[in-house]
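I opened my notebook to look up the aromatic rings and a hairpin. Here is the model I had on screen.

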Amino acid sequence: MGILRAIYNRAVDKGLVMNTNPFKNVFTGMDKTIKRAIDVNSIHRIMMLDFSDIRRYDFARDMFLFSFYTRGMSFVDMAFLKKKDLKNGILSYKRQKSGQQLFIHWENCMQHIVDKYDTDNSPYLLPIITGIGTNERKQYLSKIHNVNRNLQEIGQLLGLELPLTLYVARHSWANIAYNNNIPISVISEGLGHDSEKTTRIYLSSLNANKIDDANRMILEFVRKGK
């Protein structure tokens with residue numbers, strides 16, 4: 001059952017099917033999430049990389065950062081963002097995974113990425129789908145494959161402990177928010193989760209790290225006799 005849910009979720013993430021939550025009330029033994037987040041310092045290092053001479057890395061990095069800046073927006077939602085979705089400083093869109101409407105205040109860092117690319121002849125906000133009306137779904141699938149491959153190479157250059165993918169941006173936003181004492185209810189709403197339970201699964205690996213740190217501290221106190 002767990003394998004079936006993993007396959008289904010992968011299809012949803014790729015925008016191949018609409019999420020109808022068929023496993024909502026079914027335990028599949030997958031309540032724990034492996035570590036998929038990086039810390040603030042790693043995000044900053046990615047921001048500061050100079051890829052002016054390596055366009056494929058530059059584009060992959062920009063897509064990763066745009067996802068992070070927009071509270072972990074999925075790549076399929078990024079691909080189909082239209083310019084008309086940005087009005088009066090507010091970006092609004094419906095998550096393809098759940099159909100939930102989300103609103104994001106437009107920030108300068110988001111505009112900086114958009115300004116880097118020529119999309120004058122496109123209705124789309126980002127240059128992910130460039131052949132308008134020509135098998136747009138296929139273009140999206142090709143782009144997400146290439147971006148994730150290039151991100152993994154960037155992660156290797158930085159010596160990151162986990163494979164860098166677009167999904168890491170979403171998990172990192174949630175974990176950094178949690179580390180900065182943002183309430184789980186706010187994080188959940190920001191991610192567009194249906195329930196806080198899903199958000200807690202996102203944060204489970206972080207909780208495990210905190211527990212390990214606490215245990216290490218206690219053992220050190222005992223060792224020193226304090």
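My entries on rings and strands follow.

**Ground rules.** I am working with a predicted model, where local features need pLDDT of at least 70, side-chain atom pairs count only at pLDDT 80 or more, and totals for chains, interfaces and linings use all residues. I number residues from 1 along each chain as its sequence is written, and side-chain values use heavy atoms, with hydrogens and water left out.

**Rings.** I searched the whole structure and got seven aromatic pairs (ring centres of Phe, Tyr or the six-membered ring of Trp within 6.5 Å; planes under 30 degrees apart are stacked, over 60 edge-to-face, the rest tilted). Among them is Phe51 with Tyr57, edge-to-face at 5.3 Å centre to centre and 70° between the planes. I found both Phe51 and Tyr57 buried (under 20% relative accessible area with a 1.4 Å probe, protein chains only; exposed is over 50%, partly exposed in between).

Next I looked up Phe59 and Tyr117, also edge-to-face, with 5.8 Å between centres and 85° between planes. Phe59 sits in helix H3 (residues 55–69) and Tyr117 in the loop between helix H5 (108–115) and helix H6 (136–158), so this pair ties together parts 58 residues apart in sequence. Helices (H or I, at least four residues) and strands (E, at least two) are DSSP runs, numbered from the N terminus. Phe59 and Tyr117 are both buried.

I also noted one aromatic cluster, formed by Phe75, Phe80, Tyr124 and Tyr140.

Strand S2 (residues 90–94) pairs with S3 in the antiparallel sense over five bridges; pairing takes at least two DSSP bridges. I see Leu91 opposite Ile104 in S3. Six residues separate the two strands of this hairpin, and Gly99 in the turn has a positive phi of about 80°.
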